[in-house]
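The entries below record what I looked up, in the order in which I looked.

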Amino acid sequence: MSSRQAEEGGLSEAASNNNTRDLLEDPANQTVVAGNTPGHQVLPAVDEASPSSTSSFEMLDMESVPAPYQEVQPHWFFCRRADDNTSWFPFSTEDSDKLENAFNTVRDEEEDVVVAVDGERYDVNVKERRRYAMYWEQAPTEVRRCTWFYKGDKDTRFMPYPEDFSKSLEDAYMVAVTLDEWKTKLDFPTGETVILHNPKLIMQYQPIGLQDEWVSSPSEQTRPRTVKRGVENISVEIPDGEPEKVDHLVFMVHGIGPACDLRFRSIIQCVNDFRSASLSLLASHYKRAQQDGQVGRVEFLPVNWHSALHGDATGVDEDIQRITLPSISRLRHFTNDTLLDLFFYNSPTYCQTIVDTVASEINMLHALFRQRHPEFNGTVSVVGHSLGSLILFDLLTNQKNGSEVREKVPSGDLCHLNCDTLEQTLTRLGLQQYLDTLQAENLNLESLALCQDSDLKELGIPLGPRKIILNYFRRKWLPEECKTGAIRQVPGLQIPPQMTSDSDSNQSSGATAQQSQFHRAQSVTSAVDYEYFDVGIGQTNGGIAKGQVSIDYPQLAFHPQTFFAFGSPIGMFLMVRGLKLIDPNYTFPTCKSFYNIYHPYDPVAYRIEPMIVSEVDLEPMLIPHHKGRKRMHLELKDSLTRMSMDLKNNVLGSLRTAWQSFARLPVAALPPVEEGETTIERNLHETQAAGTASAKREDKRAGFWTKILEWPRALNKHYFQGVCEDAEPSVSGEQTEQPEIKMGMLNGGRRIDYVLQEKPIESFNEYLFAIQSHLCYWESEDTALLLLKEIYDKQSVAFEQPQQ
């Protein structure tokens, strides 16, 4: 019988209360099992009570009194179901204690008590025994107050019994301990049998009738389960509780498709892993700061936009399915569910849906987080993976500060919008028939302006009126120059002069070189509106739009501190839009820090720094390993590189020394002195005998040696000396600090591109691990540590590298 069958059977409801009552009232009337045969068959029980059991109450005051009964300590578990598999996981000790206190408080009351658990990301209704997710859509999961557990031969972990069944086992155990009577058999209405052999050995036997009829042998039908009492007697890892103080909030936006890794897990599961990695890194790399109370934790919340795009509100899946070919159905389904998101983002209709979903989801999560954490006074950052990073990049590019918002909204429109009533507005639009529908939901003009297409669809408003309402409020907030198609200027990115038309140059003639703009041109087609608008990064080429389509970018409710991009194609998309250079003075209007993090083998990632500093070829910053060292294969590679450079320099140095020695003028050799002749006499004789012929001969000899030595000197001067001088700085380059290069203001003058260290196995075949490299960031401890260092460095919290 499987564990699921046990839960659905009699074990999940109630145990045999009659048996337990008989044990308590008449301890002598017990069924005793003498033992088991090799075939695991239960022998007939002994009906008569043994002498020891009949006199057990008379021996309570004697020396053989057993250990007193101690009540079992419960621990709370929650259920997680995936692919028809049921798993139970324990709450942290802190959360379990809060649930137990709430259980003891409201045991006899009728009101519901809700306890926040798991960093207040979930709420547990103690009476209903249900756990509800607060920040994302998830089905409620079951919660149990667990005291007894079982494990079969094929189970990998202990599973908790239902609470009613555990209570029956605890009552029988209390009787056995009090009376010191073991080998007690408990029969349940469903045929389940539990035998208490001794305090350390308790077994459960399943009835043959509930077993699978296709088992191979009778021995498998009666294979027992091991039963344990108390969570301290089973092998389970109870997680540590999370700190209550939240120092920083991070929103994480996923890329294409519903799955975020090779295990096809959702963004929720991947963010949970990233959060767990950050908690363990805080405990190891900020241990002293945590002990001093300077560091709490960083909260990571997922932002899901894929379900809104592919939901019933857009109907895009049904439309795509009607035109999809029936062949290779799985591959086509994968393409429709993932790769088409790239095309949807470049569509004027669905791009607006994606951006609205991301912004509204972030604002909603931010408001809900502030509501559940009223004491939070920290900062907020955003993280985008793959296409999610491009969405955030465009969103942050089009944010407005307070002064810009006031300047861009005409006062007349504000007054007109505020003075009009809902009825007047609907009458002007010819939609007065929907007034009762909107008033039934207590909607006024201000709240209606905040509604999205999906909200209006839920009210039963057709597609046509919905578009009219949304377009009305969108146009109300647009500046006049956007409505007329005038060119809007967004300071930040450089546009090559040859890419602009004559009319563009006339309108922007007064701008300086540092006020280069993002441009959006009026489309030459009439199908899509490509009017100039402050909505993205683009530029013109003869009046033909090469940037994004014209959509209205919503505003975030906060100013992000840092923007982290994982495996980002931002650089490629900017190039495709016609943008070649980013102005070094450009920065996001509301975000002052930007990090482009990627794996060296990620096929989707592109760099940003060459678009800012094009005249210098810089290697990306290497992200340190979280253990404080380079990976072994990278250290070996660097050592071999240094060895080859040293060998090259030594060889060149030796050759240079040899050529210099050969090029040096030789000292004239003295002729031998004859016997019996002194040196002085020889010199006097040579002086007197030297004539004109001797002098000419010496001149010719000197000229000959001069010509011979000219070519090695020239060779040493023009080849070896130049090569060695070029090689020597490369050796000392590591010792001398390179001049600091300004990377523009996109990250406050600091470096932007950061590359992870590949694993040793990945270096053998970079093509084999390419897809995995694009999905590795969610479980990368090096990436999580980089985020923590950036967050806490701005809070002046010291980082400490643990000793290995």
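**Entry 1: Charged pairs**

I began with Asp753, which forms a salt bridge with Arg607, the closest N and O atoms being 2.9 Å apart. I note the criterion: a salt bridge is a side-chain nitrogen of Lys or Arg within 4 Å of a carboxyl oxygen of Asp or Glu. Asp753 lies in strand S25 (residues 753–755) and Arg607 in the loop between strand S23 (594–598) and strand S24 (621–622), so this pair ties together parts that are 146 residues apart in sequence. Helices (H or I, at least four residues) and strands (E, at least two) are DSSP runs, numbered from the N terminus.

I recorded at this point that the model is predicted, that local features need pLDDT of at least 70 and side-chain atom pairs pLDDT 80 or more, and that totals for chains, interfaces and linings use all residues. Residues are numbered from 1 along each chain as its sequence is written, and side-chain values use heavy atoms, with hydrogens and water left out.

I then asked whether each partner is buried or exposed, where buried means under 20% relative accessible area, exposed over 50%, and partly exposed in between (1.4 Å probe, protein chains only). Asp753 counts as buried, at 0% relative accessibility. Arg607 is partly exposed, with a relative accessible area of 24%.

Next I looked up Asp394 and Arg577, whose side chains meet in a salt bridge (3.0 Å, N to O). Asp394 belongs to helix H13 (residues 387–397), while Arg577 sits in the loop between helix H23 (570–576) and strand S22 (581–582), so the pair ties together parts 183 residues apart in sequence. Asp394 counts as buried at 0% relative accessibility, and Arg577 is buried with a relative accessible area of 5%.

A further salt bridge joins Glu299 to Arg275, with the closest N and O atoms 2.9 Å apart. Glu299 is in strand S14 (residues 297–303) and Arg275 in helix H7, 24 residues apart. Both Glu299 and Arg275 are buried. I also found these two in a network of salt bridges that links Arg121, Glu242, Arg275, Arg297 and Glu299. How many salt bridges does a search of the whole structure find? I wrote down 26.

**Entry 2: A six-stranded sheet**

I traced an open sheet of six strands in the order S8-S7-S12-S11-S10-S9, with antiparallel pairing. Strand S8 (159–160) and strand S9 (184–187) stand at the edges with a single partner strand each, so one side of each is left without a neighbour in the sheet. Two strands count as paired if DSSP finds at least two bridges between them.

Tyr150 has Met159 in S8 as its bridge partner.

I then followed S10 to strand S11 (residues 201–205): the two pair in the antiparallel sense over five bridges. They form a hairpin with two residues between them, and Thr193 stands opposite Tyr205 in S11. Strand S10 (residues 193–198) is mostly covered, five of its six residues being buried.

Which residues of helix H16 (residues 422–429) are buried? I listed Leu422, Thr425 and Leu426. Seen down the axis of H16, its buried residues fall within an arc of 95°, so they line one face of the helix. The arc is that of the directions from the helix axis to the C-beta atoms. Gly430 follows H16 and has a positive phi, near 75°.

**Entry 3: The whole chain**

The secondary structure comes to 28 helices and 25 strands. Of the 804 residues of the chain, 43% count as buried. Residues 24 or more positions apart account for 69% of the contacts with a separation of 6 or more, a contact being heavy atoms within 4.5 Å.
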